[in-house]
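Please read the following explanation alongside the sequence and the coordinates, taking each paragraph as a step from one region to the next.

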Amino acid sequence: MKMDADVRQKIIGNGLASLLIYALPVALMFLTFYLTNQRPWQQTAPSSVPIVRYYQSFERGLGPFQDYALTVFVIVLGILEFSFGLYEKRWTKTERSIDIACFAASYIVIRPFTTYVGLKVLPIVLPGLKNLYVWVPFLWGVFIICIADDLTQYWYHRLHHQIPWLWRFHRTHHSAAYMGMAMASRQNLIYTIFFSQIYLTAALVYLGLGGPALIVLGLKGVITTLAHSCIPWDKPFYKYKVLRPAAWVLERLISTPATHHAHHAASTDDGIGYYKGNFGNMFFLWDVIFGTAHISREYPKAYGISHYQGDQWYAQLLWPIFKSKVEGSELAANGPMVK
Amino acid sequence: MRLQDLTLLVKKVLVGAVATVVPLLILLGGLHLTRRMLTDSSRTEQVSSHAK
């Protein structure tokens, strides 16, 4: 199955525009330094920003739990979703196994692997560059990483939808017929382990932007988990007139349940579902800029893949190493490349 | 796993590598140029003020 010519053209055009967007925060930082005569690399001590002090005291307050704050948040949200019965009866044994295996794999495999890359591989690939850009002011660092990390993830995600031979690596994330916090980590392990933005951000941490990366990754974890959650926290923004201006900004800036659930819809026929777009993870802005956005302020009635028949958990976790036994499935040994 | 699966994996890793390396090079180049150009311009300003 080949990619449509207009899709290919849009990918090339949007890709070239992205090169400018990647350079934008550094260009703005350069301009600011030039106009204000700042030379932060000449300072002996890094400047102190109030938000950094607040963050450091927040981190100290968490004590030994600081490394697990996001995990605890995800688990609490999961318990809330489960106790309100929001998965209904669609959380079958197979789906439960996939969700739990993917959630566990991100801690057992992905984290140790990326830590290893950060500590052992980067000093070999980028020798002598450790902390070279530690002088980048904190808030500029946050701006740089917000764009670098999330725009890269937008592209990684978009390409897995628009390039037919990449789709099956991402299919697991869309196979569930429900939405919930577990969806954020429900991925084929090979899709997750080669996440481009992980290695880009790890390289930026190695170059000295560790502090800003912590803030951005925390924020991103919360936004993406809430966008996948079956708790429609954005509903009041559309319901109350006074909140509508805020809703207009919010739904264009970050991923919300309404826009991201539309991406997970089983169908596009109702004018709500839109799995051909809404690729943004933390920021929805990329979809607005590149014309892949669809905003309806409503939630789809059905999620998942219409032809899905419950492939085994191991095939969904590790395709193409393990294949599905479901005949005709895209993950089966001679399965079709459908998209 | 067959040979065609392995080919698919290699192609996938290559796409991922390009998506990592391109933005990294832009940022590395941008940060390097920022420091270099502004250091040069402040040196030039210092030299010209000493000359006066």
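The model is a predicted one, and every value below is computed from it.

Two packed helices are described by the angle between their axes and the distance between the axes. In chain A, helix α4, residues 93–125, and helix α8, residues 196–228, have axes that come within 10 Å and cross at roughly 50 degrees.

The buried residues of α4(A) are Glu95(A), Ile98(A), Asp99(A) and Cys102(A), and they pack against two other helices of chain A, namely α6 (167–175) and α13 (313–318).

The segment after α13 of chain A is where Pro320(A) is placed, and a cis peptide bond, with omega about 5 degrees, joins Trp319(A) and Pro320(A).

Which backbone positions have a positive phi without being glycine? One of them is Asn278(A), whose phi is about 55 degrees and whose place is in the loop between α11 (257–263) and α12 (285–290) of chain A. Asn278(A) has 25 other C-beta atoms within 10 Å and is therefore buried, given that 20 or more are needed for that class. Another is Arg297(A), with a phi near 60 degrees, found in the loop between α12 and α13 of chain A. Arg297(A) has 17 C-beta neighbours inside 10 Å, so Arg297(A) counts as partly exposed.

Finally, chain A also meets chain B, in a contact that takes 29 residues from chain A and 19 residues from chain B. On the side of chain B that touches chain A, the residues divide by class into 11 nonpolar, five polar and three charged.

Note on methods:
Residues numbered from 1 in each chain as written. Chains lettered and ligands numbered in written order. Predicted model: local features only at pLDDT ≥ 70, side-chain atom pairs only at ≥ 80, totals over all residues. Contact = placed C-beta atoms within 7 Å. Nonpolar A, V, L, I, M, F, W, Y, C, P; charged D, E, K, R; others polar. Axes fitted to C-alpha atoms, helices over the stretch in contact; angles between N-to-C directions. Helix = DSSP H or I, 4+ residues; strand = E, 2+ residues; numbered from the N terminus. Buried ≥ 20, exposed ≤ 12 C-beta atoms within 10 Å, placed from the backbone.
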